[in-house]
Structures are given as C-alpha cells and as structure tokens.
Amino acid sequence: MEAATKQSVTNRLLTVKSASGKTYSQLAAETGLTNVYVAQLLRRQAQLKPETVPKLREALPALTEELIAAMMSPPWRSYDPNLIQEPTVYRLNEAVMHFGESIKEIINEDFGDGIMSAIDFYCSVDKVKGVDGNNRVVVTLDGKYLSHSEQRTENMVSRLNLKGSTSE
C-alpha cells in the first residue's frame with residue numbers, strides 16, 4: 001500500500017465494514033475489542049496487533065491482505081481539525097470543557113497530582129435506558145492514572161549518563 005493515503009485506506013476499510021452489515025458493537029463482540037477500538041482500527045487511528053488479525057478476519061472476511069498489512073503498520077493518529085464542527089464531536093468537546101475542571105479536581109483529590117493516560121486507555125460507547133425510559137449514551141473513558149513526578153536532576157537518566165562520558 002505504498003502510495004495509498006490514510007484517507008483512501010480508511011475509505012476502503014469503512015467500505016468493507018459497511019458491506020458486512022455489522023455495527024461497531026457487533027464487531028467488538030466478535031473480536032473481544034471495545035467498539036471504539038474497532039472504529040479506531042478501521043479509521044487507522046490504532047494499530048492492528050498480530051494476535052487480533054484472525055478474529056478481525058473472521059469478523060470481516062472481505063479484508064484483503066493489503067488492508068490487513070496497512071492496519072498493522074503504525075498509524076498516523078491525526079484528525080481533521082474541521083471535525084470539531086461536527087455536532088456530536090462538538091458536544092463531546094463541550095462536555096469535557098464544561099466538566100473538565102471538576103473531573104481534574106476529583107482525579108487530584110482521589111489519586112494525587114497526576115493525569116489520566118490516553119495511551120494506556122480504553123474507551124467504549126454504550127446505549128442504556130434512562131429512568132425516564134429515554135435512550136442514553138454512556139461514554140466510558142478508562143485510562144491508567146499517571147502521577148506527575150518531581151523533576152530531580154539526580155533521577156534524570158540523560159544527565160547521569162552525561163557525567164560518565166567525556167566530551168572532546
């Protein structure tokens with residue numbers, strides 16, 4: 001897939017998904033992945049791991065060797081900056097901005113000075129019935145806690161290595 005662009009590969013992957021008639025949640029159930037991660041794979045936002053290939057091939061038999069190979073290469077985790085204009089994405093961003101300060105305070109209160117990783121991270125979208133009987137969207141962000149470290153020079157490996165080397 002030498003000259004293929006991310007968008008052309010993504011378009012081909014989404015065509016395979018569409019032709020299968022399966023939802024992201026159905027593909028997730030068949031592969032053991034989260035529905036968001038399946039979407040990330042098909043949008044080239046995540047890398048397909050070798051142990052997942054057989055399950056994904058079984059779930060989407062129309063995937064070609066070329067597409068599998070493309071999915072196994074490290075992706076460009078970029079996005080179209082115009083995506084923020086899409087109403088669902090805009091509202092998600094709005095929710096994080098509105099609740100973010102409180103979420104940050106609670107993380108700090110419960111865990112200490114640190115952040116939630118977006119690398120060691122799981123995300124899923126689920127549909128539930130609310131107490132009023134209306135459909136509700138549940139977005140789960142499940143990230144590893146990472147504490148901020150004190151920036152001490154004696155712990156800075158690059159500085160420790162410099163002490164043992166000589167410069168000419």
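Modeller: Helices (H or I, at least four residues) and strands (E, at least two) are DSSP runs, numbered from the N terminus. This is a predicted model, in which local features need pLDDT of at least 70, side-chain atom pairs count only at pLDDT 80 or more, and totals for chains, interfaces and linings use all residues. Residues are numbered from 1 along each chain as its sequence is written, and side-chain values use heavy atoms, with hydrogens and water left out.

Colleague: Good. Where is Arg44 found, then?

Modeller: Arg44 sits in the loop between H3 and helix H4 (53–59).

Colleague: Is Arg44 buried or exposed?

Modeller: Arg44 counts as buried because its relative accessibility is 8%. Buried means under 20% relative accessible area, exposed over 50%, and partly exposed in between, with a 1.4 Å probe and protein chains only.

Colleague: And what about phi of Arg44?

Modeller: Phi is near 60 degrees there, a positive value in a residue other than glycine. Most residues other than glycine have a negative phi.

Colleague: Let us step back. How many helices and strands are there in the chain?

Modeller: The chain has seven helices and two strands. In sequence order the pattern is α-α-α-α-α-α-β-β-α.

Colleague: How spread out is that chain?

Modeller: Its radius of gyration is 21 Å, well over the 15 Å that the globule rule gives for 168 residues, so the chain is more spread out than a compact globule. The radius is taken over C-alpha atoms, and the rule is 2.2 Å times the number of residues to the power 0.38. Along the principal axes, the C-alpha trace spans about 60 × 50 × 30 Å.

Colleague: What share of the residues is buried?

Modeller: Buried residues make up 20% of the 168 in the chain. The chain exposes about 12600 Å², of which carbon and sulfur atoms supply 55%. Accessible areas come from the Shrake-Rupley method with a 1.4 Å probe; for residues, only the protein chains shown count as cover.

Colleague: What about contacts between residues 24 or more positions apart?

Modeller: Such pairs account for 56% of the contacts in the chain with a separation of 6 or more. Contact means heavy atoms within 4.5 Å.

Colleague: Turning to Asn35, which residues is it in contact with?

Modeller: Leaving aside neighbours within four places in sequence, Asn35 is in contact with Tyr24, Ser25, Ala28, Cys123, Ser124 and Val125. Asn35 lies in helix H3 (residues 35–42) and is buried, with a relative accessible area of 11%.

Colleague: How far is Asn35 from Ser158?

Modeller: Their C-alpha atoms are separated by 40 Å, and the two residues are 123 apart along the chain.

Colleague: Now the annotations. Where does UniProt place the "active site"?

Modeller: The unreviewed UniProt entry places that feature at Arg91, Glu94 and Ser117. UniProt positions are given in the numbering used here, feature names are shortened, and annotations may be inferred rather than shown by experiment. Arg91 belongs to helix H6 (residues 87–111), and Glu94 is in helix H6 as well. Glu94 counts as partly exposed, at 38% relative accessibility.

Colleague: Which residues does the "domain: Cyanate lyase C-terminal" annotation cover?

Modeller: According to the unreviewed UniProt entry, the annotation covers residues 78–151. Over that stretch the chain is 34% helix and 39% strand, with the end C-alpha atoms 30 Å apart.

Colleague: Back to helix H6: how accessible are Ser102 and Lys104?

Modeller: Ser102, found in helix H6, counts as partly exposed at 43% relative accessibility. Lys104 is also in helix H6 and counts as partly exposed, at 48%.

Colleague: How far apart are Lys104 and Gly114?

Modeller: Their C-alpha atoms are separated by 8.9 Å, at ten residues apart along the chain. Ser102 and Leu13, 89 residues apart in sequence, are 38 Å apart in space, C-alpha to C-alpha.
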